[in-house]
Amino acid sequence: MGTFLLLIAEATAVTGELAEGAEHSGIGLNTNIFETNLINLAIIITVLFVFGRKVLGNTLKTRRENIETAIKSAEERAANAAKQLKVAEEKLTQAQVEANRIKADAEASAKAAGEAILVQAAADVEKMQAAGAADLNAELERVISQLRQKVVAQALQKAEAELKAGIAEDAQIRIIDRSIAQLGG
């Protein structure tokens with residue numbers, strides 16, 4: 001109520017100053033309280049002040065509570081986000097460790113597979129060389145056998161030709177002795 005009286009006193013002082021200024025300038029100010037509706041304005045201001053303060057106070061209180069609730073909610077969300085970030089970072093770290101382990105295992109497996117392939121290739125080369133040598137030996141034996149057969153055939157042909165041509169008796173005795181000696185007798 002003291003504020004209301006202070007406002008009225010200030011309004012009256014301002015009105016008086018304006019009235020004095022109006023006398024000099026030719027514009028007049030009506031200082032009659034009833035004609036200027038100062039009482040109505042004072043009542044409206046008082047009602048607004050008394051009741052508006054409660055409404056404005058309630059509105060500001062509600063607004064403050066809403067802001068506090070929003071801040072608490074934001075803080076909770078921030079805390080949850082921080083927890084989720086920490087969990088995600090731990091999972092990322094675990095995933096990186098697992099990826100490194102898998103990479104190391106893959107490299108070891110690749111190295112072992114490469115070594116196994118080299119060993120298998122060396123074994124295959126040895127088998128091929130042995131098979132080649134066996135084939136070569138078999139071919140050599142076959143060729144030698146064919147040559148022996150040809151030599152024997154030619155020797156028989158020559159012997160038959162000499163026999164047909166007639167062999168001297170001392171040559172026949174030498175051939176027989178040589179043949180007996182070869183047979184082991």
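## Helix 3 and the end of the chain

Helix 3 has 15 residues and reaches 21 Å from its first C-alpha to its last, close to the 21 Å expected at 1.5 Å a residue, the expected span being 1.5 Å times one less than the number of residues. Gly184, which follows helix 3, has a positive phi near 95°.

This is a predicted model, in which local features need pLDDT of at least 70 and side-chain atom pairs count only at pLDDT 80 or more, whereas totals for chains, interfaces and linings use all residues. Residues are numbered from 1 along each chain as its sequence is written, and side-chain values use heavy atoms, with hydrogens and water left out.

## Overall fold and surface

The chain holds three helices and zero strands, where helices (H or I, at least four residues) and strands (E, at least two) are DSSP runs numbered from the N terminus. Of its 185 residues, 4% count as buried, that is, under 20% relative accessible area with a 1.4 Å probe and protein chains only. The chain exposes about 15,900 Å², of which carbon and sulfur atoms supply 63%.

## Annotated region

The unreviewed UniProt entry places a "coiled-coil region" at residues 57-105 and 130-164, although such annotations may be inferred rather than shown by experiment. Residues 130-164 are 100% helix and 0% strand, and the end C-alpha atoms of this span lie 50 Å apart.

## The largest pocket

The largest pocket has a volume of about 300 Å³ and is lined by 10 residues, with Ala155, Ala159, Ile175, Arg178 and Ser179 nearest its centre. Helix 2 (38-165) and helix 3 (169-183) each supply at least two residues of this lining, and helix 2 gives the most, with five. The lining divides into five nonpolar, two polar and three charged residues.

A pocket here is an open set of points on a 1 Å grid over the protein atoms alone, where a 1.4 Å probe fits, with protein on both sides within 12 Å along at least five of seven lines, and lining residues have an atom within 4 Å of a point.

Definitions and conventions. Buried < 20%, exposed > 50% of the residue type's maximum accessible area, 1.4 Å probe, protein only. Areas by Shrake-Rupley, 256 points an atom, 1.4 Å probe, with all protein chains shown as cover. Points joined across faces, edges and corners; volume = space filled by probe spheres on them. Nonpolar A, V, L, I, M, F, W, Y, C, P; charged D, E, K, R; others polar.
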